[in-house]
Amino acid sequence: LLLPLLLGLGISGGLRIEPNTDFLGFFRPETALVRDAERIQGLFGGVAPCELIVAGPPDAAHDPAILAAMDALERELEQESLVDGCASLVDVLAAASSMGASAMVGAAPSRLPQTREDAERMEGLIQAVAGRNLPMERLVSPPGPPHPEQTWLRIKVRARLWSAVWA
């Protein structure tokens, strides 16, 4: 008797959830923050960043299947009206590949590395070109606290404000 009641309440509440990314609604429209954010929104697109974390095994950053799945997820997210753009390790590897990095590390030409070895070599080349100053921790968190058994791959998502989508 209690389970159907809780289930009914849960479904009823779930149907009332409304997506909203308009954090500016907490401020009065005449404030400088709101005016500036709306100007940025108009000039550059999204102003509401968020981050998705893909938790994987310790070698996830070099796994072609995981990289391909992340690429597919990013492309799918970018089709959503609330998403202005995505960025991750996948985009760094794809950009490097388009500039000839695949050939420089002896890999077959493709958008993303096809083997773990190619991914490791391409990442090494990218780091070498960047003078080891590429802040990879913003894209990849290797195993350690708070995730000792996992690598976290980050997808940065820049969202449009809900009000801008429906304006």
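Modeller: Happy to! This is a predicted model, where local features need pLDDT of at least 70 and side-chain atom pairs count only at pLDDT 80 or more, while totals for chains, interfaces and linings use all residues. Residues are numbered from 1 along each chain as its sequence is written, and side-chain values use heavy atoms, with hydrogens and water left out.

Colleague: What makes strand 2 and strand 4 a pair?

Modeller: Strands pair if DSSP finds at least two bridges between them. Strand 2 (residues 83-87) and strand 4 have four bridges and are antiparallel, with C86 opposite V157. Strand 3 (residues 140-141) is joined to strand 4 by two bridges, also antiparallel, so this pair meets the cut-off of at least two.

Colleague: Why is L2 called exposed?

Modeller: Buried means under 20% relative accessible area, exposed over 50%, and partly exposed in between, using a 1.4 Å probe and protein chains only. L2, with 56%, is therefore exposed. This residue lies in helix 1 (residues 2-15).

Colleague: What makes a group of residues a nonpolar core?

Modeller: The members must be buried Ala, Val, Leu, Ile, Met, Phe, Trp, Tyr or Cys residues, joined through side-chain atoms within 4.5 Å. The largest such core here has 23 residues, and L89, L93, V140 and L153 have the most contacts inside it. Among the elements giving two or more residues to this core are strand 2 and strand 4, while helix 4 gives the most, with five. In soluble globular proteins, nonpolar side chains tend to be buried together.

Colleague: How do you know what V140 touches?

Modeller: A contact means heavy atoms within 4.5 Å. Not counting residues up to four places away in sequence, V140 touches A61, L89, T151, W152 and L153. V140 also stands opposite L153 in strand 4.
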